[in-house]
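Try each one yourself before you read the solution.

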Amino acid sequence: MLEILSALFFLTIVPTTSPTPFSFICFFILSYLAVEDVAVQSVSTHILIFPAYLLVKFNFSWLNFAILLILTFLLFNNLEHLACFQKIGQGDIEILLFFTLLVGAHLTTLIILIAATLGATVLFFTKKSIIPFIPYLFTAYYLLMFVFQ
């Protein structure tokens, strides 16, 4: 049921938020990761390396290159056993680094704020103890894309 609702939501948003093939590809990768996080509480973020590489290649700066190096390190090393990843998953950090490459640090902080607010609202009303965070990051990203479009 969740997959059907998300597919209908995505099909209504794609024509207005994806003017370029690259953003269309990013949209489907991020939507796949969001649905995967809801379904299995784990994400295979290795598919982010290709769009992240393209972002750095066509918009090079040393900061973007450093973010790409950190993202690559996280993608190819499993650090879930560390204490810093007990509350927020490694996949969430990788998605946030990808958003930083995609839209910059300022909009990424707004994405985190909106996603945390949405997640806290759901936690309050559903009384769940653990929720997947990537769907809220995805929703916040596309809400901001509508505002700044």
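This is a predicted model: local features need pLDDT of at least 70, side-chain atom pairs count only at pLDDT 80 or more; totals for chains, interfaces and linings use all residues.

**Exercise 1.** Work out how many helices and strands the protein has.

Solution. Start by counting: there are 7 helices and 0 strands. Helices here are DSSP runs of H or I with at least four residues, strands are E runs of at least two, and both are numbered from the N terminus.

Residues are numbered from 1 along each chain as its sequence is written, and side-chain values use heavy atoms, with hydrogens and water left out.

**Exercise 2.** Find which residues touch the most other members of the largest nonpolar core.

Solution. A nonpolar core is a set of buried Ala, Val, Leu, Ile, Met, Phe, Trp, Tyr and Cys residues joined through side-chain atoms within 4.5 Å. Buried means under 20% relative accessible area, exposed over 50%, and partly exposed in between (1.4 Å probe, protein chains only). This core has 34 residues, and the answer is Ile95 and Leu137. Next, see who contributes: α7 gives the most, 8 residues.

**Exercise 3.** Decide whether Phe65 is buried, partly exposed or exposed.

Solution. First locate Phe65 in helix α4 (residues 62-75). Its relative accessible area is 31%, so Phe65 is partly exposed.
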